[in-house]
Amino acid sequence: MKKMMKCVMALVMVASMTGCGKETKVPTEPVGENTQIPNPFAECETIEEAEKLAGFDLVIPEKVPEGFSDKNISAIQDEMIDITYDNGEDKLCIRKGKGTDDISGDYTQYDEISTVEVNNQSVTLKGSGDKINVAVWQDGDYTYSIVMNSGEAGIDSNVIIDMVKGIE
């Protein structure tokens with residue numbers, strides 16, 4: 001009987017050790033609805049400062065839609081430059097980043113998606129009706145995007161195409 005009791009106890013110990021053997025990681029900070037990912041963008045005073053931080057140049061179009069005069073410049077170290085124009089009501093964002101992924105940040109499902117050739121580049125245009133919200137294209141090791149009011153009223157395709165022509 002003692003031998004059987006020892007065997008049962010040994011089995012119980014092995015079973016309990018197996019259950020406790022899995023390591024559970026406890027977060028050091030509370031996780032919940034308000035947990036946020038740190039913003040990787042650094043604010044820059046000039047385009048030159050953003051270029052230095054990103055490690056590459058960005059030529060922006062000379063003309064943007066009328067009324068878009070205020071601009072915010074930011075960059076992600078060795079990865080991306082972001083120029084956001086604001087007219088007080090609408091936002092227009094131009095980005096250039098390393099790699100071939102879509103860097104627009106706009107994941108809206110648009111009714112219309114088309115492809116046009118601009119400066120020997122295949123540019124994907126996304127929008128609804130006759131307005132465009134997103135233009136995305138690649139050139140070598142870089143991806144570019146223009147986003148106008150993500151998910152809302154866009155701008156005329158000719159305006160977007162003119163802007164694409166001015167970006168390098």
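Two strands pair if DSSP finds at least two bridges between them. With that, β3 and β4 pair in the antiparallel sense, over 7 bridges.

Some ground rules before I go on. This is a predicted model, where local features need pLDDT of at least 70 and side-chain atom pairs count only at pLDDT 80 or more, while totals for chains, interfaces and linings use all residues. Residues are numbered from 1 along each chain as its sequence is written, and side-chain values use heavy atoms, with hydrogens and water left out.

Now the overall layout. The protein chain has 3 helices and 9 strands. From the N terminus on, the order is α-β-α-β-β-β-β-β-β-β-β-α. The chain has 168 residues, and 35% of them count as buried. Buried means under 20% relative accessible area, exposed means over 50%, and partly exposed lies in between, with a 1.4 Å probe and protein chains only. Next, contacts, meaning heavy atoms within 4.5 Å. Of the contacts with a separation of 6 or more, 49% are between residues 24 or more positions apart.

Back to β4. Which residue stands opposite Ile81? Lys96, in β4. The β3 and β4 hairpin has 4 residues between its strands, and Gly88 in the turn has a positive phi of about 95°. β4 also runs antiparallel to β8, joined by 7 bridges. There, Lys98 stands opposite Tyr142 in β8. β4 is mostly covered, with 6 of its 8 residues buried.

Next, the hairpins further along. Strand β5, residues 112–118, pairs with strand β6, residues 121–128, in the antiparallel sense over 7 bridges. Ile113 has Lys126 in β6 as its bridge partner. The hairpin leaves 2 residues between the strands. Asn119 lies in that loop between β5 and β6. Its phi is near 50°, positive in a residue other than glycine. Asn119 counts as partly exposed because its relative accessible area is 46%.

β6 then meets strand β7, residues 131–139, running antiparallel over 5 bridges. Leu125 stands opposite Ala135 in β7. This hairpin also has 2 residues between the strands, and Gly129 takes a positive phi near 65°.

Asp78 is another residue to look at. Asp78 is found in the loop between β2 and β3. Asp78 is not a glycine, yet has a positive phi of about 55°. Its relative accessibility is 45%, so Asp78 counts as partly exposed.

On to the core. A nonpolar core is a set of buried Ala, Val, Leu, Ile, Met, Phe, Trp, Tyr and Cys residues joined through side-chain atoms within 4.5 Å. The largest one has 30 residues, and those touching the most other members are Ile83, Ala135, Trp137, Ile146, Ile160 and Val164. Elements supplying at least two residues each include α2 (47–54), β2 (70–76) and α3 (157–165). Which element gives the largest share? α3, with 4 residues.

Take Ile146 as an example. Leaving aside neighbours within four places in sequence, Ile146 is in contact with residues including Leu92, Ile94, Ala135, Trp137, Ile160 and Val164.

Now the largest pocket. A pocket is found on a 1 Å grid over the protein atoms alone, as an open set of points where a 1.4 Å probe fits, with protein on both sides within 12 Å along at least five of seven lines; lining residues have an atom within 4 Å of a point. Its volume is about 160 Å³, meaning the space filled by probe spheres set on the points, which are joined across faces, edges and corners. Residues lining the pocket include Asp82, Lys91, Cys93, Arg95, Ser104 and Asn149. β3 (80–86), β4 (91–98) and β8 (142–148) each give two or more residues to the lining. β4 gives the most, with 4 residues.

Last stop, Val59. Where is Val59 placed? In the loop between α2 and β2. Val59 counts as partly exposed because its relative accessibility is 40%. Not counting residues up to four places away in sequence, Val59 touches Gly166, Ile167 and Glu168. Val59 and Lys96 are 37 residues apart along the chain, and their C-alpha atoms are separated by 9.6 Å.
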